[in-house]
Amino acid sequence: MCVAVPGKVLSINGTKAIVDFCGNKIEAEAGLVQIKIGDSVLVHAGCIIQVLSDFDRDMLLDILTEMENA
Amino acid sequence: MLNFNEITAYLKDYDEEPISLMEVCGTHTAAIAKCGLRSMLSDKIKLVSGPGCPVCVTVSAYIDKLCALSLMAGNTVVTFGDMMRVHGSQSSLNEAKSSGASVQMVYSPFDILKLAADNPNITYIFAAIGFETTTPIYALLLEQAIAKSINNIKLLTSLKTMPAALSWICSQNSKIDGFIAPGHVSVMTGSEIYHAIAEKYNLPFAIAGFDGEQILAAIYTLIKQKKSNKVVNLYRSAVNENANLQASALIKKYFVEDTASWRGIGNIAASGLYLKEQYNAFDAGSFGLDNDNNLTPQCRCGEILIGNLSPNDCPLFGKACMPQNPKGACMVSEEGACFTKFSYERN
Amino acid sequence: MKITAIHGSGGRATSELIDKVFAAHFGNEILNSFEDSAVVPSSGRIAVTTDSFVVTPLFFKGGDIGKLAICGTVNDLLMSGAIPKYLTCGFIIEEGAEISALEKIALSMKNCALEAGVIIIAGDTKVIEGNGGIYINTTGIGFVPEERTVSPKNAQEGDVIILSGTLGDHHCAILSARLNIENTISSDCAPLNNMVTSLFENGIAVKAMRDVTRGGLATILNEIAHAAHLGIEIEENMLPVSPQVSALCGILGLDPLYMGNEGKFIAVVAQKDAQRAVEILKMHSYGAQAAIIGNIINGESIVSMKTKPGGKRQLSVLLGEGLPRIC
């Protein structure tokens, strides 16, 4: 129900931003979160819904390992 | 530290008490099928699809209204691709289009603003379906329409919310042992919305993103947290404990909560959102659309949607009901349990 | 200057149009004789195929409707093991079409025909009411060398499936043009003759071939599995897909396995020939990303894929409509 993909903010123009998805440059609405150029963001239905933070595979495995050991 | 080989081995070799886990997001349904995840699990781990596909849970009365609006002179219905093939009690938007209806498909709802501004003599009606991920976007759309004095757009809404539906499923004595919580809904709502249900029914929730590793991690988590009320957030790059404040504020400004009708299930209190009365001018008649004519008596979509039956249990599956000739919504939507089963897991 | 009804009258305006736009670019001894039919020598088995082209927009990154019209038909002949020789070409043109656009298309067809080693020996032009649309039909004739039988029926368990390059480029280029999405995705529209000839000339026993067009790789593999009465297993990790195409599919909710190409094909060869076949394809610019993607296996005519996370999933033919999704 929620196809959303990560991209990088290239430029901001008022309430809109140009987001780069591996070379596809798409204009997205930016009215739901505070963004800055260079942010990694999640875009759903033409709208930025989140600024993504670093969380990689190792961090995920950390959580699972902690649970295992608890 | 654990690695994914150990996790996949654990899941493949799992031989304890049988466990049944439900996901409630059509995008998870599709991701699980596309990754072939069921083939990686022991037979004792059952993955069940819940009512998380907004196309699948939209009642026939809504489709009928949408088709009727599209055939009226001076109207253009604007929609996501997903809605084009779904049948109401008479026809689908695709069929209405070939009878002369004005229907336009878009990727983003914001495309409607330019259409409306460029063609002030046409009323543009957006087929506004979705869950918590998409509803704030419709609110933002209205905010912009009002700011730009664009008055020739309307929404026909079929907006639903997760918590009430989840509670309803839990209250039905379903044999679900845990929930894979929807990743992008949770981006908007925060992980906090699952605590009350987890505690009330003593069931664990694992919030997952949409790649194979996230979903495998969620399944692993739910097995390890069996018979607990833990809410574990695995999608930490995107999901926080708290809701997106801007989104919440917009929803509060434009929408009010009420009973919604879920296709194949019936009415669930406090599970739907409707435009507030002061925004009536932007509504295309969304209230009171609860008629749900089951076109095919043998169709089992309702029970499949709540995980009581699997697609294989439906007498029509793979015989009278196939993607090229769907009888129920679960087969129409590319994220429906029946469509994904037929396409990716038939053998 | 625009096309009007008079260009379709069959009189002077028509012959001037044909001379100026078509004969000027397609001219050859056979066509220039302007007989009612082209009469050509032949021997052995003749391959014939036809296709019509109605794409919009007419011009897109990497090609145009004319180039498509040549490649599509030439490639179909090649996939049957034929050496393409002749094409016919029929135009249906709506009033309002720009003559300059027709000239561009004709020039593009001329260049592509040259590359593909074919000549256009017959043609037709019709003008109808409308809004400037242009539609092309091409019928292709080729000759199959006596020693060649290219058919999925030749496939055996253990045979290897090779894909000549990245998936989904053409379809994504068209979608990008229609939806106004800025990227550098280019249609891969290309004639496959040089690659196919190289395989045969280097002694590769090509058992079966199919170009990966509408319906995508998954649909084509299912056709082969059914015709061969065998199964196919491929690996997701081995599929060449460009990051830009992959990202665009992610945004639109589409799957590269079901997206059309216009310059890629799959070849079924024996295990012993597989590595060499890939190396031969890689020597060509259109085959730079060629890769082994899977195998023919015994059993039911099902196509399955080992997924990146390590699961197994069935690949059916295209069932949905491939419409951009949100949900």
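This passage describes the contact between chain B and chain C, then a sheet in chain B, in a predicted model.

The size of an interface is often given as the accessible area lost when the parts come together. Here, chain B and chain C bury about 2200 Å² between them. Carbon and sulfur atoms account for 58% of that area. Polar contact links 4 residue pairs between the two chains, with both residues at pLDDT 80 or more. Two elements of chain B give two or more residues each to the side that touches chain C: helix H2 (26–34) and helix H14 (337–344). H14(B) provides the largest share, 4 residues. By class, this side of chain B has 14 nonpolar, 9 polar and 7 charged residues. In total, the contact takes 30 residues from chain B and 21 residues from chain C.

Within chain B, 6 strands form an open sheet. Their order is E4-E3-E5-E6-E11-E10, and the pairing is mixed. Strand E4 (103–105) and strand E10 (255–262) of chain B are the edge strands, and each pairs on one side only. Neighbouring strands are turned by 25° against each other on average, direction ignored. Strand E3 (residues 75–79) of chain B pairs with E4(B) in the parallel sense over 3 bridges. B:Val78 has B:Gln104 in E4(B) as its bridge partner.

Helices of chain B lie across strands of this sheet. Helix H7 (residues 162–171) lies across strand E6 (153–160), E10 and strand E11 (266–275), running at about 180° to E11(B). Helix H11 (residues 245–254) lies across E10 and E11, and runs at about 80° to E10(B).

Terms used. Residues numbered from 1 in each chain as written. Chains lettered and ligands numbered in written order. Predicted model: local features only at pLDDT ≥ 70, side-chain atom pairs only at ≥ 80, totals over all residues. Heavy atoms only, no water. Contact = heavy atoms within 4.5 Å. Buried area = accessible area lost by both parts, 1.4 Å probe. Polar contact = N/O pair within 3.5 Å; in protein donor to acceptor, adjacent residues only side chain to side chain. Nonpolar A, V, L, I, M, F, W, Y, C, P; charged D, E, K, R; others polar. Pairing = 2+ DSSP bridges. Axes fitted to C-alpha atoms, helices over the stretch in contact; angles between N-to-C directions.
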